[in-house]
Amino acid sequence: MLQSKEAASALDEIDAISRKVRQSIVYQRASFSLILWGVLVFIGYLVTFFAPRHSFYAWIAVYVLGVAGSVAIGVFDRLEQVRKSFDWRLLSALLLFFGFGFLCTLTLGDFAPRALSAFWPIYFMLPFAIVGLWAARAFVFIGVSVMVLTLIGFFFAGPWFNLWMAFVNGGGLLLAGLWMRRA
């Protein structure tokens with residue numbers, strides 16, 4: 001027969017294992033998207049640095065491929081879970097998020113190309129870091145690191161800013177996704 005202290009200790013161990021399993025699942029799911037977006041963003045910034053005349057079309061391709069890939073990853077994940085209903089709140093949150101970002105960049109501010117290249121990574125990393133407060137601490141570290149390094153590059157990288165951002169934003173997301181694959 002278990003004593004109350006032994007039972008409490010066993011329950012604490014079970015709770016710790018369950019938290020680790022949940023964190024591992026979050027990491028595995030997020031890693032695919034991080035790797036996808038990391039590679040695409042890296043390419044987008046490289047095109048912006050080496051062929052700035054084609055950057056508009058490169059970023060359109062990055063967003064289209066990224067969203068399509070994220071949807072495919074989500075559908076694959078949902079097929080494993082066999083969900084019966086579509087969660088419109090997630091779609092609504094994404095539309096509001098993108099809508100607000102475009103509202104800020106197109107109507108409220110007169111962003112120069114360099115400022116625009118700094119705005120979007122910072123804008124994306126803020127909710128990434130906030131979600132990390134609940135989902136996984138690594139998200140907080142990744143989000144804050146990319147935001148800080150983006151600001152450092154904005155103020156100090158000079159003409160190398162887009163190349164800096166390829167490694168900071170694209171490379172950071174890619175490395176985070178690869179790290180999460182092993183976690």
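**Figure 1. Phe154 is partly exposed, with a relative accessible area of 24%.** Phe155 reaches 58% relative accessibility, so it counts as exposed. Buried means under 20% relative accessible area, exposed means over 50%, and partly exposed lies in between (1.4 Å probe, protein chains only). The model is predicted: local features need pLDDT of at least 70, side-chain atom pairs count only at pLDDT 80 or more, and totals for chains, interfaces and linings use all residues. Residues are numbered from 1 along each chain as its sequence is written, and side-chain values use heavy atoms, with hydrogens and water left out.

**Figure 2. Overview of the fold: six helices and zero strands.** Along the sequence the pattern reads α-α-α-α-α-α. Helices (H or I, at least four residues) and strands (E, at least two) are DSSP runs, numbered from the N terminus. Of the 183 residues in the protein, 30% are buried. Among contacts with a separation of 6 or more, 65% join residues 24 or more positions apart. Contact means heavy atoms within 4.5 Å.

**Figure 3. Aromatic pairs, of which the structure holds 21.** Rings of Phe, Tyr and Trp (its six-membered ring) pair if their centres lie within 6.5 Å; planes under 30 degrees apart are stacked, over 60 edge-to-face, and the rest tilted. Phe97 and Tyr123 form a stacked pair, 4.3 Å centre to centre and with 10 degrees between the planes. Phe97 sits in helix H3 and Tyr123 in helix H4, so this pair ties together parts 26 residues apart in sequence. Both Phe97 and Tyr123 are buried. Phe154 and Phe155 make an edge-to-face pair, with 5.0 Å between centres and 85 degrees between planes. One aromatic cluster is built from Phe97, Phe98, Phe100, Phe102, Phe111, Phe119, Trp120, Tyr123 and Phe124.

**Figure 4. Helix H3 (residues 88–108) packs on helix H4 (residues 113–132) at about 150 degrees, axes 11 Å apart.** Axes are lines fitted to C-alpha atoms, for helices over the stretch in contact; angles run from 0 to 180 degrees between N-to-C directions. H3 and H4 are therefore roughly antiparallel. The cut-offs are under 35 degrees for roughly parallel, over 145 for roughly antiparallel, 65 to 115 for roughly perpendicular, and oblique for the rest. The H3–H4 crossing is right-handed. A crossing is right-handed if the near helix is turned clockwise from the far one by less than a right angle, and left-handed if anticlockwise. H3 brings Phe97, Phe98, Phe100, Gly101, Phe102, Cys104 and Thr105 to the contact; H4 brings Leu116, Phe119, Trp120, Tyr123, Phe124 and Pro127. By class, these residues are 11 nonpolar, two polar and no charged. Ala, Val, Leu, Ile, Met, Phe, Trp, Tyr, Cys and Pro count as nonpolar, Asp, Glu, Lys and Arg as charged, and the others, Gly among them, as polar.

**Figure 5. H4 and H5 pack at about 160 degrees, with 7 Å between their axes.** H4 and H5 are therefore roughly antiparallel to each other. Their crossing is left-handed. Contact residues of H4 include Arg114, Ala118, Pro121, Ile122 and Leu126, while those of H5 include Arg137, Phe139, Val146, Thr150 and Phe154. The contact of H4 with H5 has 17 nonpolar, four polar and two charged residues.

**Figure 6. Helix H5 (residues 137–156) crosses helix H6 (residues 161–182) at roughly 170 degrees, with axes within 9 Å.** That angle makes H5 roughly antiparallel to H6. From H5, contact residues include Ala138, Ile142, Leu149, Thr150 and Phe154; from H6 they include Phe161, Trp164, Met165, Val168 and Trp179. The contact of H5 with H6 counts 14 nonpolar, three polar and no charged residues.

Figure 7. Thr150 has 0% relative accessibility and so counts as buried. Leaving aside residues up to four places away in sequence, Thr150 touches Ala118, Pro121, Ile122, Phe161, Met165 and Val168.

Figure 8. Thr48 is buried, with a relative accessible area of 11%. Its contacts are Ser55, Trp59 and Asn162, not counting residues up to four places away in sequence. Thr48 and Ala166 lie 118 residues apart along the chain, and 9.3 Å separates their C-alpha atoms.
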